[in-house]
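Subject: Structure for your review

Dear colleague,

Please find below the structure that I am handing over to you. My findings are set out after it.

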Amino acid sequence: MKYLAHYPPALQAQVRALMAEQGLGPMLQKRYPAAHAVRTDRALYDYVMALKAEFLRNADPLSKVMFDSKLHVIRHALGTHTTVSRVQGSKLKAKREIRVASLFKAVPLEWLRMIVVHELAHMKERAHDKAFYALCTHMEADYHQREFDLRLYLTHLDAGGPRLWDVEAAADDAARQAGSCDSALR
């Protein structure tokens, strides 16, 4: 349970028991019944810019926001924030980017918001310190609960559980079931 390694042993034992009963996935689906509708890079850009406008009006502008299929959660990257510096004439120009792992195209909006808030907070605070987490909780009051629940979901996936809100996978499963029902009727 690498995603929960820094949590108390008693809490980890509760999660193990829930996983043994096959109850972790259903518990998460009950708590978060639907996935968000932010599916495209443009929609993600608009979503991030709205949060930035609400909480970080004076922060440097963002030049790119996108879902990135090359980000691997296994390497502890839910999203990234980067600053790309380029020399243009005698000036140094910096472009800021936020990338969110493609896995998060199909999760609850609360988790997408938590990831975006985390990356936006890095625009003001570089280190994961007290000021950083204070900014995160200012932008998302339930930040720590959302992060924990997302870690539970990653633990569920790591244990071989199915993606819970993956619309495309659910459509494929429904088509497969319909095909098997049709063949049974023949």
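The notes below move from the overall fold to the core, the helix contacts and a few individual residues.

The model is predicted, with local features requiring pLDDT of at least 70 and side-chain atom pairs counted only at pLDDT 80 or more, while totals for chains, interfaces and linings use all residues. Residue numbers start from 1 along each chain as its sequence is written, and side-chain values rest on heavy atoms, with hydrogens and water left out.

Overall fold

The protein contains seven helices and three strands. Here helices (H or I, at least four residues) and strands (E, at least two) are DSSP runs, numbered from the N terminus. Along the sequence their order is α-α-α-β-β-β-α-α-α-α. Of the 186 residues in the protein, 38% are buried; buried means under 20% relative accessible area, exposed over 50%, and partly exposed in between (1.4 Å probe, protein chains only). Contact is taken as heavy atoms within 4.5 Å. Among contacts between residues at least 6 apart in sequence, 65% join residues at least 24 apart.

Nonpolar core

In soluble globular proteins, nonpolar side chains tend to be buried together. A nonpolar core is defined as a set of buried Ala, Val, Leu, Ile, Met, Phe, Trp, Tyr and Cys residues joined through side-chain atoms within 4.5 Å. The largest such core in this model has 44 residues, and Leu44, Phe104 and Leu120 have the most contacts inside it. At least two of its residues come from each of helix 2 (24-31), helix 3 (41-55), strand 1 (62-68), strand 3 (91-101), helix 4, helix 5 and helix 6. Helix 4 provides the largest share of this core, eight residues. As for Leu44, its contacts beyond four places in sequence are Val38, Val65, Met66, Phe67, Val100, Leu112 and Val116.

Two packed helices are described by the angle between their axes and the distance between the axes. The axes are lines fitted to C-alpha atoms, for helices over the stretch in contact, and the angles run from 0 to 180 degrees between N-to-C directions. Angles under 35 degrees count as roughly parallel, over 145 as roughly antiparallel, 65 to 115 as roughly perpendicular and the rest as oblique. A crossing is left-handed if the near helix is turned anticlockwise from the far one by less than a right angle, and right-handed if clockwise.

Helix 4 (residues 109-121) and helix 5 (residues 130-139) have axes that come within 9 Å and cross at roughly 135°, which makes helix 4 oblique to helix 5. Their crossing is right-handed. Helix 4 contributes Arg113, Val117, His118, Leu120 and Ala121 to the contact, and helix 5 contributes Phe132, Leu135, Cys136 and Met139. These residues divide into seven nonpolar, one polar and one charged, where Ala, Val, Leu, Ile, Met, Phe, Trp, Tyr, Cys and Pro count as nonpolar, Asp, Glu, Lys and Arg as charged, and the others, Gly among them, as polar.

Helix 4 also packs with helix 6, at an angle of about 115° and with the axes 9 Å apart; helix 4 is therefore roughly perpendicular to helix 6. The crossing of this pair is left-handed. On the helix 4 side, Glu110, Trp111, Met114, Ile115, Val117 and His118 meet Tyr143, Arg146, Glu147, Asp149, Leu150 and Tyr153 in helix 6. The residues of this contact comprise seven nonpolar, one polar and four charged.

Individual residues

Leu109, in helix 4, is partly exposed at 38% relative accessibility. Its C-alpha atom is separated by 4.6 Å from that of His36, 73 residues away along the chain. Not counting residues up to four places away in sequence, Leu109 touches His36 and Tyr47.

Thr155 belongs to helix 6 (residues 143-158) and is buried, with a relative accessible area of 3%. Beyond four places in sequence, Thr155 is in contact with Met1, Tyr3, Leu4 and Met19.

Val15, in helix 1 (residues 9-20), is buried at 6% relative accessibility. With neighbours within four places in sequence left aside, Val15 is in contact with Met1, Leu4, Leu24 and Leu152.

Arg96, in strand 3, counts as buried at 12% relative accessibility. Arg96 and Met123 lie 27 residues apart in sequence, with 8.7 Å between their C-alpha atoms.

Kind regards
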